[in-house]
Amino acid sequence: MLQLWESSDKSVKKNVLKPGVFSKKPTECSTCNITIQKINVTGISKNDLKDKYYTEILDSECEKVLIIGEASAEIDKQIERAIQMMNIFEKSRITIIMKQSEDSNKSVTVEFEVTLTQCERQKSIWEWSAEEKYNLALKYKEQGVKLFKDSRIVDAFHKFSRGCKILITMEPIPDPDLDLNKQLESDINDLRLALYNNMATCQLSQKNYDHTVTLCSKILDKDKNNVKALYRRGVAYGSMKDNEKAVADLKVALTLEPNNQTVKEHFIIYNGKLQESIQKSNDMVRRMFKT
């Protein structure tokens, strides 16, 4: 039996203290009963785990029920990763290493003991129906929207991304093997575009402009008249000082929605910058050829 498991990024480590009964591991949506003991934190206080890292699993030492995939906080997602490597009745020491913040080199280390006392295992995702996958992805989207409204941008992005990964298991759509009805096929395609758009919003708010452009381009490959994607890609281009591409996207968006004030305001800003750069270029050329 494997006594030590470590994630590929070395952020999560599991040491087996008491072997369990060999069993199939918990999968997406499996319901797990666990017991948490001996929580030890270095780098921050225990209170910070709840107040700053939003953990719902390590808020106390007790018996808990969790559903794999439901975790919203980064630390709880890491705990889920470790639990998915456990057998029934196994007791292990979990070690998680995280950065204190995105712009800090300092780390936080959390250690605790966990026992997997029971697992109601869900069937593997490739056995799910298209409707089951759609409903789960929709649920993750709704959870992501709530996290975004709570200003938990990174957690929201990961929830949208998880929903997107569920839908990717059905690609390409339409696929004759899936035997989808037209309404469900349309709903799946609409949800995929909505998830990409929401992920782009998160990336834009985090000033990750290259990723914003990539996500919006995926949307526009499928729906060239998607105003939200045109707007977000235009703002991303403008933020990268590519005013020509920004104006091109925002102009199309404005043509589609002439009364959209947000689009109009950004079009005016970036068009003004573009015209200014064009004027400077023309002035430079005139000076070069002035006799």
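## Close-up views of a predicted model

**View 1. A salt bridge between Asp-150 and Lys-146.** Asp-150 forms a salt bridge with Lys-146, and their closest N and O atoms are 3.3 Å apart. (A salt bridge is a side-chain nitrogen of Lys or Arg within 4 Å of a carboxyl oxygen of Asp or Glu.) Remember as you look that this is a predicted model, in which local features need pLDDT of at least 70, side-chain atom pairs count only at pLDDT 80 or more, and totals for chains, interfaces and linings use all residues. Residues are numbered from 1 along each chain as its sequence is written, and side-chain values use heavy atoms, leaving out hydrogens and water. Asp-150 is partly exposed at 42% relative accessibility, while Lys-146 is exposed at 54%.

**View 2. A salt bridge between Arg-162 and Glu-28.** How far apart are the closest N and O atoms of Arg-162 and Glu-28? They are 2.9 Å apart in this salt bridge. Arg-162 lies in helix H4 and Glu-28 in the loop between E2 and strand E3 (31-42), so the pair ties together parts that are 134 residues apart in sequence.

View 3. Strand E1 (residues 4-6) and strand E2 (residues 12-18) run antiparallel and are joined by 3 bridges. (Two strands pair if DSSP finds at least two bridges between them.) Follow Leu-4 across to E2 and you reach its bridge partner, Asn-15. The two strands make a hairpin with 5 residues between them, and Lys-10 in the turn has a positive phi of about 65°. Lys-10 also forms a salt bridge with Glu-6, where the closest N and O atoms are 3.7 Å apart. Glu-6 is partly exposed, with a relative accessible area of 34%, whereas Lys-10 is exposed, at 55%.

View 4. E2 is joined to strand E5 (residues 91-99) by 6 bridges, and the two run antiparallel. Val-12 has Ile-96 of E5 as its bridge partner, and Lys-13 stands opposite Thr-95 in E5. E5 also pairs with strand E6 (residues 107-120), in the antiparallel sense and over 9 bridges. Here Ile-94 has Phe-112 in E6 as its bridge partner. When you trace a strand, recall that in a regular strand the side chains alternate between the two faces of the sheet. Look as well for Lys-38, Lys-91, Arg-93 and Glu-113, which are linked in a network of salt bridges.

**View 5. Two loop residues with positive phi.** Most residues other than glycine have a negative phi. Tyr-54 is not a glycine, yet its phi is positive, at about 60°. Tyr-54 sits in the loop between helix H1 (46-51) and strand E4 (63-67) and counts as partly exposed at 36% relative accessibility. Phe-89 has a positive phi too, near 70°. Phe-89 belongs to the loop between helix H2 (74-83) and E5, and it is partly exposed, with a relative accessible area of 48%.

**View 6. The largest nonpolar core, and another one.** The largest nonpolar core has 48 residues, and Leu-167, Ile-188 and Met-199 have the most contacts inside it. Helices H3 (130-149), H4 (153-168), H5 (182-205), H6 (209-222), H7 (227-239), H8 (243-256) and H9 (261-289) each supply at least two residues of this core. H5 gives the largest share, 10 residues. Another core lies apart from it, with 30 residues, among them Tyr-53, Leu-66, Ile-88 and Val-110. (A nonpolar core is a set of buried Ala, Val, Leu, Ile, Met, Phe, Trp, Tyr and Cys residues joined through side-chain atoms within 4.5 Å.)

**View 7. The neighbours of Met-199.** Which residues does Met-199 touch, not counting those up to four places away in sequence? They are Phe-157, Phe-160, Ser-161, Cys-164 and Leu-215. (Contact means heavy atoms within 4.5 Å.)

How values were computed
Buried < 20%, exposed > 50% of the residue type's maximum accessible area, 1.4 Å probe, protein only. Helix = DSSP H or I, 4+ residues; strand = E, 2+ residues; numbered from the N terminus.
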